[in-house]
Amino acid sequence: MTTLRIPDPRLGLNSFATDAWWEAIPDAERTPDARVVAAPGAPWDGERTLLVAGAVTDHLAEPTVAAVEAWAAEVCALVAAQPGPAHLAVSLSTVRSLDEAVTLAQGRRWPSYDAVEAARHRAGEPVPVPSIPGGQQAVSAFVTALLPQVEVLAASGWATAADATADATACVSRSLDADPDVPDDLARELRAAGRAALVAFEEAGLTISGPRDALLWPVSAERGQIPIEVAADAAVEAMLALRERPAVEVAR
């Protein structure tokens with residue numbers, strides 16, 4: 001039997017899973033610290049645990065590196081206590097239904113891309129592949145290492161072009177703090193601690209989807225320019241979002 005386990009709200013996770021939310025799902029089984037519901041048709045075997053996280057700035061107890069590290073350790077401990085594999089979905093919108101929860105647990109995002117916009121492009125129209133000038137060895141190495149992780153079917157490229165641009169722009173907006181509450185040096189340390197937390201989550205066995213940059217503390221622009229790591233995060237977000245949106249078949 002394929003089931004989805006959703007732990008009760010804690011550690012800034014699963015804030016949507018209130019008693020009121022579960023009222024619409026009467027078949028869910030109550031356990032001491034979670035609820036389990038059947039997920040027929042889901043692409044996994046047995047039981048999978050779903051953890052949904054919002055922005056780090058919304059749930060971090062205090063803006064310190066120690067607080068980030070403590071939160072990450074508690075999340076890893078929660079994962080270790082689960083009876084089966086667990087998935088962390090970063091989502092900046094409230095989960096409204098069980099269908100959305102199952103979508104997130106699959107490593108997909110909500111909502112899907114705009115298939116109507118994609119259908120406007122004629123059949124056989126090529127999807128352009130960005131070129132990389134030969135002199136930019138660092139950029140070339142970065143893209144070469146990244147592509148195997150985010151490769152998608154070329155046919156979906158036009159379906160997602162406008163949305164991928166929006167995803168990258170949203171990443172930059174989240175990552176830049178125009179009115180910082182902490183000194184710039186501390187903000188950079190907090191962002192680095194967030195990256196370390198993401199690595200720790202994967203090492204603990206978590207799979208991750210969604211806009212990962214939301215778990216990184218925002219930083220200030222540098223002399224009016226976007227920090228290079230933020231630009232890299234935006235590029236990664238555009239490509240990961242391309243892969244993680246629910247697949248939509250479009251006649252071309």
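How many residues has helix H3, and what does H3 reach from its first C-alpha to its last? I put this to the predicted model first. H3, residues 65-80, has 16 residues and reaches 23 Å between those two atoms. I noted that this is close to the 22 Å expected at 1.5 Å a residue.

I then looked up which residues of H3 are buried. The list comprises Ala67, Val68, Trp71, Ala72, Val75, Cys76, Leu78 and Val79. I also looked for what covers them. The covering elements include strand E4 and helix H2 (56-59), and also strand E5 (86-90) and helix H8 (184-203).

**Entry on the sheet.** I traced the strand order next. Six strands form an open sheet, in the order E2-E3-E1-E4-E5-E6, and the pairing is mixed. At the edges I found E2 (29-30) and E6, each of which pairs on one side only.

**Entry on strand E1.** I followed E1 to both of its partners. With E3, residues 34-38, E1 pairs in the antiparallel sense over five bridges. Within that pairing, Thr3 has Ala38 as its bridge partner, and Pro7 has Ala34. E1 and E4 run parallel and are joined by three bridges. On that side I recorded Arg5 standing opposite Thr49 in E4.

I asked next which residues of E1 are buried on each side. Thr3, Arg5 and Pro7 are buried on one side, and Leu4 and Ile6 are buried on the other, so that I logged both faces as covered, given the cut-off of under 20% relative accessible area for a buried residue. The count for E1 is five buried residues of five.

**Entry on the nonpolar cores.** I looked up the largest nonpolar core and found 21 residues in it. Those with the most contacts inside this core are Leu4, Ile6, Trp21, Leu50 and Ala101. Strand E1 (3-7), helix H1 (19-22), strand E4 (47-53) and helix H4 (98-105) each supply at least two of its residues. H4 gives the most, with five.

Ala101 is in contact with Leu4, Ile6, Trp21, Leu50 and Val95. I also recorded a second, separate core of 20 residues, which includes Leu51, Ala197, Ile208 and Ala214. As general background, I note that nonpolar side chains tend to be buried together in soluble globular proteins.

**Entry on positive phi.** I searched for residues other than glycine with a positive phi and noted two cases. Leu11 has a phi near 55 degrees and lies in the loop between E1 and H1. Arg223 has a phi of about 50 degrees and is found in the loop between strand E6 (207-209) and helix H9 (228-244).

Why does Leu11 count as partly exposed? Leu11 does so because its relative accessibility is 25%, and partly exposed covers the range between under 20% for buried and over 50% for exposed. Arg223, at 78% relative accessibility, therefore counts as exposed.

Methods:
Residues are numbered from 1 along each chain as its sequence is written. This is a predicted model: local features need pLDDT of at least 70, side-chain atom pairs count only at pLDDT 80 or more; totals for chains, interfaces and linings use all residues. Side-chain values use heavy atoms; hydrogens and water are left out. A nonpolar core is a set of buried Ala, Val, Leu, Ile, Met, Phe, Trp, Tyr and Cys residues joined through side-chain atoms within 4.5 Å. Buried means under 20% relative accessible area, exposed over 50%, partly exposed in between (1.4 Å probe, protein chains only). Helices (H or I, at least four residues) and strands (E, at least two) are DSSP runs, numbered from the N terminus. Contact means heavy atoms within 4.5 Å. Two strands pair if DSSP finds at least two bridges between them. The expected span of a helix is 1.5 Å times one less than its number of residues. Lists of a residue's contacts leave out its neighbours within four places in sequence.
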